[in-house]
Amino acid sequence: MIVRAFLALMVMLATPMVQAQGFAGLGEEVQGFAMPDPGYRMQFPRDHGAHPDFRIEWWYVTANLTDADGNAYGIQWTLFRSAIEPGGGEGWQSPQVWMGNAALTTRERHYAAQKFGRGDTGSAGVIASPFDAWIDDWQFTAPEGPEVGATLMAGGEGFSYALNLTARGGVVLQGDQGYSVKSANGQASHYYSMPFFEVTGQIVVDGRTVKVRGKAWMDREWSSQPLDSDQTGWDWFSLYFADGARMMAFQLRGDDDKGAFLSGTWIGPDGASNPIGPDAITLSPMESSDVAGRSIPTTWRLQYPEGGVDIITRPLNRQSWMDTLFPYWEGPITFDGSHAGQGYLEMTGYPAR
Amino acid sequence: MGVILGVLASHWWRQPAQFITLISGLAVATALWTGVQAINQEARTSYDQAARILSGPAMANLTSPAGTMPLSVYARLRRAGVAAIPVIEGRLGSGQHDIRILAYDFLSLPPPDAPGQVDDDPATLFRDGDIVFASPETARKIRAEGWVARVIETPRLLQDQVVMDIALGEEMLDMYGRLSRIMIPPDAADQARRIATQLTLVMPEQATDIAALTRSFHLNLTAFGFLAFAVGLFIVHGTIGLAFEQRRGVFRTLRALGTSSRRLAVCLTAELLTLALGAGIIGILLGYLIAAALLPGVAATLGNLYGASVGDTLEFRWQWAASGLGIAVAGTLAASAGALRRVSTLPPLRLHNPQAWMARARADFRFQSVGALLLGGVAILSYFFGSGLIWGFVLLAAVLLAAALVLPRLLLLLVDAMGRTDRGPVWGWFWADTRQQMSGLSLALMALLLALAANLGVGTMVSSFRATFIGWLDQRLASELYVDTHVPGQGAEVRAFIEAEGLTVLPIIDAMSTVNTVPTQIYGVADHATYRDNWPILSALPRPWDVVHSGQGALINEQMANRIGLAPGDRLDIAPGWQGVVAGVYSDYGNPAGQAILGIAAHKVLFPDVPETRFGVRIPPDQVDGLRDRLMIAFDLDADNFTNQAEIKAFSIGVFDRTFAVSAALNVLTLGIAALAILTSLLTLATFRLPQIAPVWALGLTRRELARFEILRSLILTVFTFVAAVPVGLGMAWILLNVVNVQAFGWRLPMQLFPMDWLRLLLFAMVAAIAAAILPMRRLRRTAPADFLKVFANDR
């Protein structure tokens, strides 16, 4: 697998690994790709589809699920698009590379799988309308548009899931009209979410089929250089509050002397969004766990004084490790404190010891 | 204790040649053993790794009757969850400069390992596109033609094969949007069949368990390692025996001075262990070098024979190093057990007399004959009652060792017979002296016999295999050019076109039928000398082709004959409406399925709907290209429609020869050890032959004449040994072909004799014998007359 990892790595990276900057090379200088534009206004369904002139893009769904006995689960469905150079090309000649990650987390175990696809060969891709995103037999399909609902399917060794998503709210633009700033130097991405899906369906864990229900959140982001060169990784939270409100918060960790860049969005139960500035949130790691030879903060304190939020988040499974090409931590969390609820946490760029 | 050890060690100080003999014998023996172990382990580790990689060795393949298929099939398979790997293949260039391109998606299957070359700048591999993998020779070739930016040298690749990413391959072969084939994991075969209904799914020929498949190959290597080690032990045994004998005076003195026999034995054991460890370490280092040199060849062999991928860089692993050291120590102790026992039971006051050693060695011959008889018994039992590969090797080992043990006795008989021919006193002395030396040389000669027999045996097997393989190629490709129009209607026109040029056209038609519930391919071939002269028939009725073309019989392949249990003359039902006899059985290597051949007339009656689209064309080889060009223009055909016999044959034989390169290398190494054994034996004998030669010299033979006799003796004994080795080697080849190979491959190969190879081996052995005799001879020629005289000064 080493060779394969190497290979895919160099596909994803614009320069050799030694020079890669930031997590997964996302902090590199790029040439020829389109750059995020603060004046861009998103249109749907167009922007559900791919933006091949940008270097990196993803379709990201996470869901917090429970079964009839009250056991909690989390699933992840991700399709990454990464371009070696901008634009298209037919079949194998296309510079676009697709990578899919899927995971299922239980209290005891974390299952993860990965798939690759190339260019314009039909094995992976995204169509804006009728919406269809796929890699091999993993699918995220919404014939009437994700604003109505979607189906989500994936699986790997030891797990699979097939879920129906029903939209209870529409698109939420992150940052300033979907222009999400990532660093003090102005690195940015186009970013929107759909945080109001209700989920029913079934999961299969080690051959056992379980009926589940819950909530799902879709993230869509595209950019060409989303990280500043000295940013090493991020911690990203999606939170469901008991009253129906949602919150997204992230920090991009920089060099020690420079500190982190924080940002977030408060989303009311009605879908009205309110950007949260860099100084309005604090994220403090409370407790670290040994995960895959790294020390990773799995318990966090999140403070957003303007919204009266001061909560502690805990993971369903501390070992929610995605042992994929670009390894990272991603798993369902619960929180309590000033508010109670659940959500998802993603942490990248923690170095191995 | 320290003093005793010092005294014992002083012997080696005075006899450096003996010391070097002992150390080098042990080191070389250990080296070959260790080298083979290292190769085996490296290969097994690679299998483990390979098993973990998706690629697996044995993939099913989706192919299209049309030659290529649209990319959309690949997408359909992928979207159904089949881990399909797309492949584009083709040739670039023409004639001798043909390059075979193998392009696949590097993202779903890693490119070939090219140690240390990919890692330095991985990004360029995929992104720049113009990166290809090729064997060093092919790399030179394509660099010279200047058609790619960067070639990564990968020794494991076949010659004239270039591996590249599918995006580049598509471009170079102009196959945009098309695929040559799609590799499918065998467990997804049913699913793939349902999805790609228009395509043909070819299952891998062998089961996927590489470990089981390659077991026989590794057993072969291990047997070679053992053989080399046994040859080495002959050297060690001889040297240690001699060293003990020469130090008998020392032992006696030590005992007389009050050293207990027990303590003496302990000291000797300690000495031996030290020597064994030292030589073992040298041997392991040498073994590493041998293995590193042979591994690329082994990797190629395993890749070609079994499709198993093995890396060609060697890692140092403690397992084989430890096994090498262990066998060095165990071997030394085993080789010296007899000598040690004698020392510990030695009456302290027995006179020191080197002649006694000779006398006792003669008594050993009787012991050896008994051993040979016992081993013969083992051989007979394992042949008749053993089954499985292991017993095949037991049989082989027993026959070889028995032959080796019988050899000294046989040589004595010969020498005695020669001695009785009256050719004057000098020759009388020569034969008597040779007889005298036999005991000292017998171990070295046994080693030589083993090496020669192994060489003959393995050589005969490989050559028989090669001859059979070429025969099989001739069968498949008896015609110089094959044309396949693919389009039914075109067949007749193409045939007429070629016949108009005055050439012989041999139509080939085939159909599927079910024989004994087994799907069988039924061919129809024309009645022509091409078949009568070339077809490699294993067993047959008299005039089998007459039977076939009279419509009363069919030829079947070996696999079918074995599966159904048919022999020539048996009844055979091929299809409703045809009954006949098995006219003969032919070899059909590499084909897992059953096959039968009918006369074309009978075939047409049975399968009237099969169109004639394929033809063999008999044409002088230098006119092949011309005809091909004319057909291409006249019928709008392309390269896919033609198969050139010469190209395919050269390519296949190249693969074959690389496959058995390792056997050849090991053969040379064992023979080298045997030469070393002769050299060391002659060297050690020379040191105490002075008393025997001195009287002859005193009687008037010059040193020059004496030296010439030494060379002559070495040559005569080598030739005698060679003569004895021929039947042993042939026996070994017979066992390899009829017992071991049947177990390992499932094929019984006809044995063929290659006397020219024997002659070459004989010459090689004679050169080795002369080389081995030259050093002692030079020493003899330089011996000062005073030294000869000293012999008499000390005479009692």
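**Reading the model step by step**

A: Let's start with one residue: B:Gly580 lies in strand E17 (residues 578-586) of chain B. Helices (H or I, at least four residues) and strands (E, at least two) are DSSP runs, numbered from the N terminus. This is a predicted model, in which local features need pLDDT of at least 70, side-chain atom pairs count only at pLDDT 80 or more, and totals for chains, interfaces and linings use all residues. Residues are numbered from 1 along each chain as its sequence is written, while chains are lettered from A and ligands numbered from 1 in the order in which they are written.

Q: Why does B:Gly580 count as partly exposed?
A: A residue is buried if 20 or more other C-beta atoms lie within 10 Å of its own, exposed if 12 or fewer, and partly exposed in between, with C-beta atoms placed from the backbone. B:Gly580 has 19 C-beta neighbours inside 10 Å, so it is partly exposed.

Q: Which residues does B:Gly580 touch, not counting those up to four places away in sequence?
A: Two residues are in contact if their C-beta atoms, placed from the backbone, lie within 7 Å. By that rule B:Gly580 touches B:Gln552, B:Gly553, B:Ala554 and B:Leu572. B:Ala554 is 26 residues from B:Gly580 along the chain, and their C-alpha atoms are separated by 7.1 Å.

Q: How should I read a pair of strands, such as those around strand E16 (residues 261-267) of chain A?
A: Strands of a sheet pair through backbone hydrogen bonds, either parallel or antiparallel. Two strands are called paired if DSSP finds at least two bridges between them. E16(A) runs antiparallel to strand E15 (residues 246-253) of chain A, joined by 7 bridges, and A:Leu252 has A:Phe261 as its bridge partner. E16(A) also pairs with strand E17 (residues 273-276) of chain A in the antiparallel sense, over 4 bridges; here A:Thr265 stands opposite A:Pro275. In that hairpin 5 residues lie between the strands, and A:Gly271 takes a positive phi near 95 degrees. E16(A) is mostly covered, with 6 of its 7 residues buried.

Q: What is the strand order in the open sheet of chain B?
A: The 8 strands follow the order E6-E5-E7-E4-E3-E9-E1-E10, with mixed pairing. Strand E6 (150-153) and strand E10 (200-202) of chain B are the edge strands, each pairing on one side only. Neighbouring strands of this sheet are turned by 30 degrees against each other on average, direction ignored. (Axes are lines fitted to C-alpha atoms, for helices over the stretch in contact, and angles run from 0 to 180 degrees between N-to-C directions.)

Q: Where can I see both kinds of pairing?
A: E3(B) and E4(B) pair in the antiparallel sense over 6 bridges, with B:Ile88 partnered by B:Ala103. E4(B) and E7(B) run parallel and are joined by 5 bridges; B:Tyr104 stands opposite B:Asp165 there. Of the 6 residues in E4(B), 5 are buried.

Q: How do I read the buried side of a helix?
A: An α-helix has 3.6 residues a turn, so residues three or four places apart point the same way. In helix H3 (residues 71-79) of chain B, the buried residues are B:Leu71, B:Val73, B:Tyr74, B:Ala75, B:Leu77 and B:Arg78. They pack against several elements of chain B, including strand E3 (85-92), strand E9 (181-184) and helix H7 (189-195). Just after H3(B), B:Gly81 takes a positive phi of about 90 degrees.

Q: Which residues touch the most other members of the largest nonpolar core?
A: A nonpolar core is a set of buried Ala, Val, Leu, Ile, Met, Phe, Trp, Tyr and Cys residues joined through C-beta atoms within 7 Å. The largest has 128 residues, and A:Ile75, A:Phe197 and B:Ile182 touch the most other members. Strand E12 (residues 188-205) of chain A gives the most to this core, with 7 residues.

Q: Where in chain A does pLDDT stay under 50?
A: pLDDT is the predictor's confidence in each residue, from 0 to 100. Chain A averages 88, and 90% of the residues score at least 70. Over residues 1-21 of chain A, pLDDT stays under 50. Where pLDDT is low, the predicted coordinates should not be read in detail.
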